[in-house]
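Visitor: I'd like a close look at just one part of this model. Could you walk me through it?

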Protein chains: 2
Amino acid sequence: MELSKNKLKYFASFGKKKVRDEEQKFVVEGNKSVEELLQSSFRVEAIVATREWLDSHTIPCESYEATHEEIEKISLLQHPQDVWALAYCKNYDTPTTLQGLVLALDGVQDPGNLGTIIRLADWFGVSQIICSTDCVDVYNPKVVQATMGAVFRMPVRYVDLPEFLKKTNGCVTFAADMAGENVYEAELPQNAVLVMGNEGNGISDEVAQLVNRTIHIPSFNTTGKTSESLNVAVATAILCSEFKRRK
Amino acid sequence: MELSKNKLKYFASFGKKKVRDEEQKFVVEGNKSVEELLQSSFRVEAIVATREWLDSHTIPCESYEATHEEIEKISLLQHPQDVWALAYCKNYDTPTTLQGLVLALDGVQDPGNLGTIIRLADWFGVSQIICSTDCVDVYNPKVVQATMGAVFRMPVRYVDLPEFLKKTNGCVTFAADMAGENVYEAELPQNAVLVMGNEGNGISDEVAQLVNRTIHIPSFNTTGKTSESLNVAVATAILCSEFKRRK
């Protein structure tokens with residue numbers, strides 16, 4: 001289809017969160033991510049891509065041939081690529097049964113951190129991610145980018161986190177907290193909810209009172225001086241690794 | 001001291017890599033990072049800060065009182081803070097003995113990844129980090145920021161990586177590679193060099209031929225569809241955790 005100025009303007013408007021929220025659509029960019037999108041169950045509204053890209057892919061939706069200059073106009077990346085897509089947000093049902101390892105995020109703010117967590121959760125077979133309502137938006141373009149396609153496979157739900165934690169039906173809840181048990185010595189069940197906190201403040205007081213157990217990753221630095229904490233995505237990775245390797 | 005227009009211009013010029021390289025100085029921003037800088041062995045040229053910040057700290061160098069508007073002019077952050085500092089780069093000697101766990105990075109490009117790796121290496125008591133010459137500059141402001149102060153404690157050296165790997169004097173070298181041993185089942189020595197590769201391409205062919213062993217982190221995703229790899233900082237974290245927890 002022809003890429004009119006009006007269409008370009010419409011596509012470019014999805015750089016704004018307000019527009020994404022109103023239209024319930026989000027932007028996916030780059031070859032790898034768009035290919036993952038097309039293989040997923042997400043509905044795609046439109047693809048904007050170079051002639052070469054369009055010729056080498058089967059497109060299940062509206063598609064627009066574009067020059068690199070045109071893609072640059074709608075791209076949210078520093079280095080725009082050959083393809084840009086607009087997809088429909090997915091609203092997952094409220095979770096009913098909790099199985100395997102469930103991640104819960106309490107106020108994670110940084111898009112790169114959320115994206116990295118979704119990617120590693122997919123790797124470690126986490127069954128779903130529960131976000132408190134003050135977490136960064138999963139459809140923020142930087143989040144989508146950092147997931148490298150994992151966002152199309154991992155269910156991410158926004159809920160009232162304290163209310164959620166009150167109804168885990170016997171599934172043991174853990175929080176990462178420096179005052180907790182040494183994770184390397186802790187007994188970890190197969191079914192569990194693991195709560196990770198905000199980058200600066202950790203888990204909120206309300207959530208802290210609702211979890212069953214706390215665990216921490218000890219430092220192996222023997223110089224007597226080390227960082228106060230690990231980055232939240234890094235800490236999540238190590239804890240997921242500990243939960244999963246012990247099967 | 002008085003913050004003249006010329007001084008402001010001089011300080012602002014350190015946003016450019018060329019100026020940093022020529023002058024061998026780098027920018028540190030934010031309360032936490034600057035406090036860590038002042039407690040470190042790094043030499044500081046100048047501090048620019050608000051009256052309140054200066055009043056509550058002991059300053060061992062030139063200092064300039066500034067308004068938030070003035071700090072904004074020299075800041076490289078999206079949200080400038082109360083203090084900005086200019087420090088001298090440190091050039092560590094070439095490593096002679098290799099002890100404990102040594103990290104080697106082969107073409108890590110993303111500043112956030114390098115910064116996160118330095119921070120977690122500090123946490124896990126890695127003894128030093130060796131970077132190939134094509135890794136991102138450790139004094140890049142985004143790297144410094146992401147280390148949260150760990151850059152002032154962790155020795156980071158840039159070397160010809162293949163040459164370095166030829167002379168490890170019996171210290172076993174490992175590379176993270178999907179075709180390697182399952183890390184959870186591998187025997188890991190106390191003294192080792194662990195090589196992590198570039199974000200897109202992994203380790204280079206030349207480096208691959210020089211390492212003694214390869215290890216990988218298996219996926220626990222049982223859906224038959226998962227990401228191709230983990231983010232390099234996340235993979236480094238899990239491998240460091242595995243090396244260290246087994247003591």
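Visitor: In which crossing, left-handed or right-handed, does helix 6 of chain B pass helix 10 of chain B?

Guide: A word on the ground rules: this is a predicted model, where local features need pLDDT of at least 70, side-chain atom pairs count only at pLDDT 80 or more, and totals for chains, interfaces and linings use all residues. Residues are numbered from 1 along each chain as its sequence is written, while chains are lettered from A and ligands numbered from 1 in the order in which they are written.

Now, your pair: helix 6 of chain B passes helix 10 of chain B in a right-handed crossing (the near helix is turned clockwise from the far one by less than a right angle). Helices here are DSSP runs of H or I, at least four residues, numbered from the N terminus. The two pack at an angle of about 15°, with axes 9 Å apart; axes are lines fitted to C-alpha atoms over the stretch in contact, and angles run from 0 to 180 degrees between N-to-C directions. Helix 6 and helix 10 of chain B are therefore roughly parallel, a label for angles under 35 degrees.

Who touches whom? From helix 6 of chain B, Asn113(B), Thr116(B), Ile117(B), Leu120(B) and Ala121(B) meet Val232(B), Ala233(B), Thr236(B), Ala237(B) and Cys240(B) of helix 10 (contact means C-beta atoms, placed from the backbone, within 7 Å). That contact divides into seven nonpolar, three polar and no charged residues; Ala, Val, Leu, Ile, Met, Phe, Trp, Tyr, Cys and Pro count as nonpolar, Asp, Glu, Lys and Arg as charged, and the others, Gly among them, as polar.

Both helices also face the partner chain: 29 residues of chain B are in contact with 29 of chain A, and helix 6 (111–123) and helix 10 (232–245) are the elements giving two or more residues to chain B's side. Helix 10 of chain B gives the most, with seven residues.

How values were computed. Contact = placed C-beta atoms within 7 Å. Parallel < 35°, antiparallel > 145°, perpendicular 65-115°, else oblique.
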